[in-house]
Amino acid sequence: MSSIGPIVLAGATGDLGKRIAVAMGRRHMAFRVLIRSETPAKARADLQATGADLVVVDYNDAAALRRACEGASCIVSALNGLEPVMIETQGNLLDAAVATGVPRFIPSDYSLDFTKTKPGGNRNLDLRRRFMAQIDTRPISATSVLNGAFADLLTGQAPIVLHKQRKILYWGTADQKLDFTAKNDVADYVAAATLDETTPRILRIAGTTVSPRELADIMTSLTGHKFGLWRAGGIGLLSIVIGVARTLSPSNRAIFPVWQGMQYLRDMSSGRGQLEPLDNDRYGVRSWKTARDVLGMTN
């Protein structure tokens with residue numbers, strides 16, 4: 001017998017969370033979005049336009065969180081932050097879900113495969129690892145959606161495609177495959193996963209898997225100019241650079257300081273965080289945005 005009820009979405013005022021809300025609305029799903037009392041009117045209006053029922057909560061108010069979760073069939077977290085958010089706030093949401101008998105929880109894990117990387121080597125992924133250990137001891141079914149890096153970052157934020165120099169910057173080997181998935185594709189997949197009562201513990205997806213060498217060929221094709229490869233060094237050297245950057249500019253309260261981005265890059269370039277096998281077709285064959293699609297939008 002199906003237990004599909006309303007979905008509860010947390011973190012919908014963030015970039016990915018809002019995209020998940022849009023994807024749920026597009027599917028005409030019944031879902032509640034948790035917002036804070038200080039959420040701006042514009043953000044509320046945007047979320048209401050998706051078809052969501054907005055519920056104002058204080059994440060430190062256990063009774064209010066339980067009321068918000070009552071009758072739900074799945075909790076989806078797109079909360080983003082450091083320990084106070086990823087462990088404490090998300091933990092409060094987990095407590096409410098368990099207390100009200102919600103059967104499923106999708107934590108805010110959206111990343112490379114941190115179950116295969118080294119503990120202690122990536123601060124933000126260590127937080128996800130800690131929450132995974134926490135949720136797996138609770139009487140609730142958890143599903144992590146792992147998607148690699150967001151493909152949207154290839155257009156500028158990730159220091160990989162260097163337009164001015166016409167180079168692809170890489171560490172390690174130019175043939176190491178890197179996983180990317182566009183944010184909208186992740187959001188749509190997560191929306192589908194909320195309706196799936198038989199999800200495995202981990203769902204791995206990658207809209208495009210491409211090496212630095214293949215990225216150079218793509219950029220050459222898209223721009224008509226020859227793009228070359230620029231090897232910055234080996235993985236060992238990257239680890240040294242990360243250590244120096246973190247010492248000189250700790251930025252411990254920032255979610256994505258420079259050294260944090262390099263930690264993600266190291267886990268991808270070493271191949272440790274690669275996603276396999278993939279569950280791309282679990283909800284039917286779909287058209288994933290490729291690296292060429294994403295890069296072609298800006299070239």
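1. Contact here means heavy atoms within 4.5 Å. The model is predicted. By that cut-off, and leaving aside neighbours within four places in sequence, Asn-122 touches Gln-260, Gln-263, Tyr-264 and Asp-267.

2. Where does Asn-122 lie? It is in the loop between β5 (104-106) and α5 (123-135). Its relative accessibility is 1%, so Asn-122 counts as buried; the cut-off for buried is under 20%. A polar atom of the Asn-122 side chain lies 3.3 Å from the backbone nitrogen of Asn-124.

3. Next, the open sheet. It has 6 strands, in the order β3-β2-β1-β4-β5-β6, and the pairing is parallel. Strands β3 (53-56) and β6 (141-142) stand at the edges; each has a single partner strand, so one side of each is left without a neighbour in the sheet.

4. Within this sheet, look at β1 and β4. Strand β1 (residues 7-10) runs parallel to strand β4 (residues 74-77), and 4 bridges join them. Ala-10 has Ser-77 as its bridge partner in β4.

5. Two helices deserve a check against the strands. Helix α1 (residues 15-26) lies across β1, β2 (31-35) and β4, and runs at about 155° to β1. Helix α2 (residues 41-48) also packs on the sheet; it touches β2 and β3, and its direction makes about 140° with that of β3.

6. The largest pocket has a volume of about 850 Å³. Its lining counts 30 residues; nearest the centre are Phe-150, Leu-153, Gln-157, Phe-256 and Tyr-264. Elements giving two or more residues to this lining are α1, β8 (149-150) and α9 (258-269). Which element gives the largest share of the lining? That is α9, with 6 residues. Tyr-264, one of the residues nearest the pocket centre, is also in contact with Asn-122.

7. Phe-150, one of the residues nearest the pocket centre, has Thr-181 as its bridge partner in β11.

8. β11 and strand β13 (residues 208-210) pair in the antiparallel sense, over 3 bridges. The bridge partner of Leu-178 in β13 is Val-210. As background, strands of a sheet pair through backbone hydrogen bonds, either parallel or antiparallel.

9. Are the faces of β11 (residues 178-181) covered or open? Both are covered. Leu-178 and Phe-180 are buried on one side, and Asp-179 and Thr-181 are buried on the other.

Note on methods
Residues are numbered from 1 along each chain as its sequence is written. This is a predicted model: local features need pLDDT of at least 70, side-chain atom pairs count only at pLDDT 80 or more; totals for chains, interfaces and linings use all residues. Side-chain values use heavy atoms; hydrogens and water are left out. Buried means under 20% relative accessible area, exposed over 50%, partly exposed in between (1.4 Å probe, protein chains only). A polar contact is a pair of N or O atoms within 3.5 Å; within protein, one must be able to donate a hydrogen and the other to accept it, and residues adjacent in sequence count only if both atoms are side-chain atoms. Two strands pair if DSSP finds at least two bridges between them. Axes are lines fitted to C-alpha atoms, for helices over the stretch in contact, and angles run from 0 to 180 degrees between N-to-C directions. On a 1 Å grid over the protein atoms alone, a cavity is a set of points where a 1.4 Å probe fits but cannot get out, and a pocket is an open set with protein on both sides within 12 Å along at least five of seven lines; lining residues have an atom within 4 Å of a point. Grid points are joined across faces, edges and corners, and a volume is the space filled by probe spheres set on the points.
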